[in-house]
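Subject: Handover of a structure and findings

Dear colleague,

Please find the structure below, together with its sequence.

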Amino acid sequence: MKRIEHIGIAVKDLEAANKTYAAMMGAEPYKSETVDGEGVTTSFFKVGESKIELLAGTRPDSPISKFIEKRGEGIHHMAFYVDDIRAEIERLKKEGFRLLNEEPKPGADNKIVAFMHPKDANGVLVELCQEK
């Protein structure tokens with residue numbers, strides 16, 4: 001793992017959250033996109049070399065909508081940038097970590113992603129990110 005790529009924050013209302021974070025960061029989000037496969041719309045804010053990703057569900061059965069229903073708004077995941085996501089998946093599996101994705105899948109911000117089970121990281125959902 002090379003660096004923290006971003007911190008994902010689940011929000012109910014993306015427009016309202018964008019206003020809050022724009023005021024806090026002193027800058028508008030640099031990117032917003034929908035990932036239909038995950039049922040989520042995202043906004044990204046730059047923070048130095050890292051980013052904040054705001055995530056809002058686009059349908060009630062999306063993982064983000066379910067997360068908010070169960071836990072409320074807040075930090076959803078921590079994402080780490082990797083050079084070779086498939087090699088990192090294999091390395092983590094050899095270390096005994098459970099991966100929620102055996103194969104990387106398309107993610108936001110021109111990335112392919114895979115997630116590690118939160119029970120194996122003290123309750124934190126860990127995302128691995130690699131440029132497409």
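**Sheet and helix**

Please note that the model is a predicted one.

The partner strands β2 and β3 are antiparallel and share 5 bridges. Thr34 faces Thr41 of β3 across this pairing.

**Aromatic pairs**

There are 2 aromatic pairs in the structure. In one of them, the ring centres of Tyr21 and Phe45 are 6.1 Å apart and the planes meet at 45°, so the pair counts as tilted. Tyr21 is buried at a relative accessible area of 17%, and Phe45 is buried at 1%.

The other pair consists of Tyr30 and Phe44, with centres 6.1 Å apart and planes at 45°, so this pair is tilted as well. Tyr30 is in the loop between α1 and β2 (31–35), whereas Phe44 is in strand β3, 14 residues away in the chain. With a relative accessible area of 35%, Tyr30 is partly exposed, while Phe44 is buried at 1%.

**Charges over rings**

Tyr30 also has a charged neighbour: Lys46 lies over the face of its ring, 4.7 Å from the ring centre. Likewise, Arg3 lies over the face of Tyr81, at 4.9 Å from the ring centre.

In soluble globular proteins, nonpolar side chains tend to be buried together. The largest nonpolar core in this model has 11 residues, among them Val82, Ile89, Leu99, Ile112, Met116 and Leu128. Two or more residues of this core come from each of α3 (85–94), β7 (111–116) and β8 (125–131). Setting aside residues up to four places away in sequence, the contacts of Ile112 include Ile85, Pro104, Leu128 and Cys129. A second, separate core has 10 residues, including Val11, Tyr21, Ile52 and Leu54. Tyr21 thus belongs to this second core and to an aromatic pair with Phe45.

Yours sincerely

Notes: Residues are numbered from 1 along each chain as its sequence is written. This is a predicted model: local features need pLDDT of at least 70, side-chain atom pairs count only at pLDDT 80 or more; totals for chains, interfaces and linings use all residues. Side-chain values use heavy atoms; hydrogens and water are left out. Rings of Phe, Tyr and Trp (its six-membered ring) pair if their centres lie within 6.5 Å; planes under 30 degrees apart count as stacked, over 60 as edge-to-face and the rest as tilted. Buried means under 20% relative accessible area, exposed over 50%, partly exposed in between (1.4 Å probe, protein chains only). Helices (H or I, at least four residues) and strands (E, at least two) are DSSP runs, numbered from the N terminus. A charge sits over a ring if NZ of Lys or CZ of Arg is within 6 Å of the ring centre and within 35 degrees of the ring normal. A nonpolar core is a set of buried Ala, Val, Leu, Ile, Met, Phe, Trp, Tyr and Cys residues joined through side-chain atoms within 4.5 Å. Contact means heavy atoms within 4.5 Å. Two strands pair if DSSP finds at least two bridges between them.
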